[in-house]
Amino acid sequence: MSADESPLPESLPDESAVANTVTDKPLSPSVIAQFVRHDRCPRYLKQKWADDPEPDGREWREAFQLVNVAQLGYGQEFEARQLESLAANATKVIGPDGEDSTQASVPDIDYDDTWAASSEDRSDQLQTAAEDAASLPTDTDTPPYILCYQAPLGGQVGNFNLWGEVDCLVFAPKSATETVDELDLPTPATTVDSPHGSGTEQLATALASNHPQDTTGGTSIVARVLEIKSGKKRKPAHHVQGVIYSSLLEQTLSTDVTPTCRIEASILTQPMAELSDDPYHPLAVPTFQLPEWECYTEPLLAAGGHVETVLQGDLEDLPFAIDRVCNNCEFQEACATYAVENPTTPASLALLGYPPAVQGRLQDAGVTSIRNLSELLPPQRNTDPTEEPPTLDLPAEQQRDLEEILPEPIHETVLHAQALRSEIDPKYPDGSDESPA
Ligand code: SF4
């Protein structure tokens, strides 16, 4: 269970927010991020969050575990080590109550304060942290800051209530960002990532400053959303998570807040953490361009957007593909089982690895299942690549459609389907029944 999948808050954090249209519980930013990570796989989102019986409907015990437990453990330990490093120079640290710090996955930190039980009191704690940051000294060599670990945040983004625990929030006087820039602290060689693709320039040369320009004037503190990821690169899913938490933080701090606050977001990855043996300053972690990634994130959560469309659909009708996007997905075994258990269903086409759009076009062309596809040729045994390819006898229109849809010659796809079917259908090829495909 990741940080922001912990038990739901006792009340929705923003009671003025409309109820989610398709689920009465808040969505988790980390689930939205995983949805992006798995190439927006609808089955992932539906199984993860909708009140659908499928994940509980069978003996799925192993199927619904995280596939790569070792990787999960490494990620948690990496996060714990970074937290200990960040806390070492913090003026004040607020964190969760009751954690077992003897475990390697839990940071060994003495908190100055722990999160209150109610969302209203937690909101007050964040307001106070912002106010305290405004009065931190500005004449020190290393700028002071307040660190909030696993800070609970909730509110509305697009058409959905969201609730989760951001890895870190850092509050500091605005002048701290200028001091950090002047210190010229090391930053990793990294790409300037944008929703439109990543450049190859080093961040230091691509951006005049490590911080966004202050266009509002009068800003007196900086609030930094800092997500910690054990990977080597920042990925779109990380940015989406950062955008959502930035929006939730803005909502939390927006009620008559003084001092005025500029919200930044950054993702701490492994290369940054390995730059130095000494604790690094959290404001030295490169920021990313929030407005650009907001434009990428907003359509996902908008009314009628991708998330809403998926959650309103029935699980069995959602197209999916078993391919590289399934790597380390907790539903891998369940989806593979669903795809192989009946070679006459459209779900069996997921085994081909083609994107759902291609599967839809195949169905439009009259190919509705692995069995159907495998029967476009008699069973081919002992195919030799040096032999002439088998000849297909298809209606002209279907042949033309399949040639347009498939990235390879039709007979190769059919042979692939036959091989897949022979693995999942014990009656094939010798004892195939004659019922319609
Ligand atoms: S295993 Fe693949 S198809 Fe199934 S939910 Fe995960 S990403 Fe989607």
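What follows is a conversation about the terms applied to this predicted model.

Visitor: Why are helix 1 and helix 2 called roughly antiparallel to each other?

Guide: Two packed helices are described by the angle between their axes and the distance between the axes. Here the axes of helix 1, residues 29-37, and helix 2 come within 8 Å and cross at roughly 155°. Angles over 145 degrees count as roughly antiparallel, and helix 1 and helix 2 are therefore given that description. The crossing in which helix 1 passes helix 2 is right-handed.

Visitor: Which residues of helix 1 and helix 2 meet, and how do you know the classes in their contact?

Guide: From helix 1, Val31, Gln34 and Phe35 meet Tyr44, Leu45, Lys48 and Trp49 of helix 2. Sorted by class, this contact of helix 1 with helix 2 has five nonpolar residues, one polar residue and one charged residue; in that sorting Tyr and Trp count as nonpolar, and Lys as charged.

Visitor: What makes a residue part of the shell around the ligand, and which residues are there?

Guide: The criterion is a C-beta atom, placed from the backbone, within 6 Å of the molecule. The residues around the ligand are His38, Cys41, Arg43, Tyr44, Gln47, Phe320, Val325, Cys326, Cys329, Phe331, Gln332 and Cys335. The elements giving two or more residues to this shell are helix 2 (42-49) and helix 11 (332-340), and helix 2 gives the most, with three residues. By class, the shell has eight nonpolar, three polar and one charged residues. Tyr44 is listed around the ligand and also takes part in the meeting of helix 1 with helix 2.

Visitor: Is Ser105 buried, exposed or partly exposed, and how do you know?

Guide: Ser105 has 16 other C-beta atoms within 10 Å, whereas a buried residue needs 20 or more and an exposed one has 12 or fewer, so Ser105 is partly exposed.

Visitor: Where does Ser105 lie, and which residues does Ser105 touch?

Guide: Ser105 lies in the loop between strand 1 (92-95) and strand 2 (113-114). Not counting residues up to four places away in sequence, Ser105 touches Gly73, Gln76, Glu77 and Ala80. Ser105 and Tyr74 are 31 residues apart in sequence and 8.2 Å apart in space, C-alpha to C-alpha.

Technical notes
Residues are numbered from 1 along each chain as its sequence is written. This is a predicted model: local features need pLDDT of at least 70, side-chain atom pairs count only at pLDDT 80 or more; totals for chains, interfaces and linings use all residues. Helices (H or I, at least four residues) and strands (E, at least two) are DSSP runs, numbered from the N terminus. Axes are lines fitted to C-alpha atoms, for helices over the stretch in contact, and angles run from 0 to 180 degrees between N-to-C directions. Angles under 35 degrees count as roughly parallel, over 145 as roughly antiparallel, 65 to 115 as roughly perpendicular and the rest as oblique. A crossing is left-handed if the near helix is turned anticlockwise from the far one by less than a right angle, and right-handed if clockwise. Two residues are in contact if their C-beta atoms, placed from the backbone, lie within 7 Å.
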